[in-house]
Amino acid sequence: MGKLGIAASILEAEHNSKIYLDPDADGPLDFREIKDDSWHNTFCKMAHANVALRDIDTIFDNVSIITFNYDRCIEHYVANSLANYLRMSLEEAQQLTQQLEIIHPYGQVGRLPWQNPIDGGCAYGQTANWNLLLTAAKQLRTFTERVEQETVLDTMRDRLTRAQCVVFLGFSYGDMNMELMTMDNGGLRRRVFGTSIGMSVPNTDAAKAAISKNFSPEGFSHIETVDLVPLTCNGLLTDYWKPILQPIAG
């Protein structure tokens, strides 16, 4: 019953969010009516900054997102944001968003209809019936359950190994989730940025040490810098926009 309750709560939260869009609406969200200071907005701007329209289908070529949340707000937001900003149809924006790799290690309350056209999926904030909740609950793992799908773990660690830049947003740096991101080999040298708002100096230092350890399994550092700063998620992306996007020389 616990997972049924989680699924119901997540779908209700999606429905009550300011980015909820009635399924019968004509077109994407109207962002002029949304006071938007979320990190999702800044992320979308970073993704298509200085990209020519002819190359727009490449904007997510070097981006992967690992989210430990059950909701689909990232997928939903990005598709609607691209439709608004790039003046394309919502269907075209959804197709472009399909190219953004979003990994949910603990599962999600179903794939959105445009992500799962065969089975119909589960709309963002959909009013849940019993069958929908049963289906959604089967796709969830709780925090105390081990993520044992080797494909998911291998994909996560591969993306982290190949990343030149890793950004932690709203992350607690808990032992269990940090363990999931332990690398088998150090891979590329990388910069690490993360939010630490509300964390004490000792806890921030401990989080930095855990990152350095997990990202340097061979005993030598694969970290160029670790910057954990007391900013909101949007504040971090806004203030560190250029360092995040700057490639590492060599």
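Modeller: Happy to; what follows goes from the core to its helices and then to some other parts of the chain. Please keep in mind that this is a predicted model.

The largest nonpolar core has 37 residues. Those with the most contacts inside this core are Phe 43, Phe 60, Val 78, Leu 82 and Leu 96. At least two residues of the core come from each of α2 (39-48), α3, α4 and α9 (233-239), and α3 gives the largest share, seven residues.

Let us begin with α2, the helix that holds Phe 43. Nine of the 10 residues of α2 are buried, so this helix is largely enclosed by the rest of the structure. The buried ones are Trp 39, His 40, Asn 41, Thr 42, Phe 43, Cys 44, Met 46, Ala 47 and His 48. What do they pack against? The partners of these buried residues are β1 (64-66), α3, α9 and α10 (241-245). Phe 43 shows this at the level of one side chain: leaving aside neighbours within four places in sequence, Phe 43 is in contact with Phe 60, Val 63, Ile 65, Val 78, Leu 100 and Leu 237. Of these partners, Phe 60 and Val 78 are also on the list of core residues with the most contacts. Just after α2, Asn 50 takes a positive phi of about 60°.

Next comes the pairing of α3 (residues 73-85) with α4 (residues 90-97). Their axes come within 8 Å and cross at roughly 130°. The two helices are therefore oblique to each other, and α3 passes α4 in a right-handed crossing. On the α3 side, the contact is made by Glu 75, Val 78, Ala 79, Asn 80, Leu 82 and Ala 83; on the α4 side, Leu 90, Ala 93, Gln 94, Leu 96 and Thr 97 take part. By class, that contact has seven nonpolar, three polar and one charged residues. Val 78, Leu 82 and Leu 96 take part in this helix contact and are also listed among the residues with the most contacts inside the core.

An α-helix has 3.6 residues a turn, so residues three or four places apart point the same way.

Helix α1 (residues 2-16) and helix α5 (residues 130-137) pack at an angle of about 110°, with their axes 8 Å apart, which makes α1 roughly perpendicular to α5.

Finally, two threonines. Thr 204, in helix α8 (residues 201-214), is buried, with a relative accessible area of 9%. Not counting residues up to four places away in sequence, Thr 204 touches Ser 196, Met 199 and Leu 228. Thr 155 sits in helix α6 (residues 150-162) and counts as buried at 19% relative accessibility, because the cut-off is under 20%. Beyond its neighbours within four places in sequence, Thr 155 is in contact with Glu 101 and Ile 103.

Methods
Residues are numbered from 1 along each chain as its sequence is written. This is a predicted model: local features need pLDDT of at least 70, side-chain atom pairs count only at pLDDT 80 or more; totals for chains, interfaces and linings use all residues. Side-chain values use heavy atoms; hydrogens and water are left out. Axes are lines fitted to C-alpha atoms, for helices over the stretch in contact, and angles run from 0 to 180 degrees between N-to-C directions. Helices (H or I, at least four residues) and strands (E, at least two) are DSSP runs, numbered from the N terminus. Angles under 35 degrees count as roughly parallel, over 145 as roughly antiparallel, 65 to 115 as roughly perpendicular and the rest as oblique. A crossing is left-handed if the near helix is turned anticlockwise from the far one by less than a right angle, and right-handed if clockwise. Contact means heavy atoms within 4.5 Å. Ala, Val, Leu, Ile, Met, Phe, Trp, Tyr, Cys and Pro count as nonpolar, Asp, Glu, Lys and Arg as charged, and the others, Gly among them, as polar. A nonpolar core is a set of buried Ala, Val, Leu, Ile, Met, Phe, Trp, Tyr and Cys residues joined through side-chain atoms within 4.5 Å. Buried means under 20% relative accessible area, exposed over 50%, partly exposed in between (1.4 Å probe, protein chains only).
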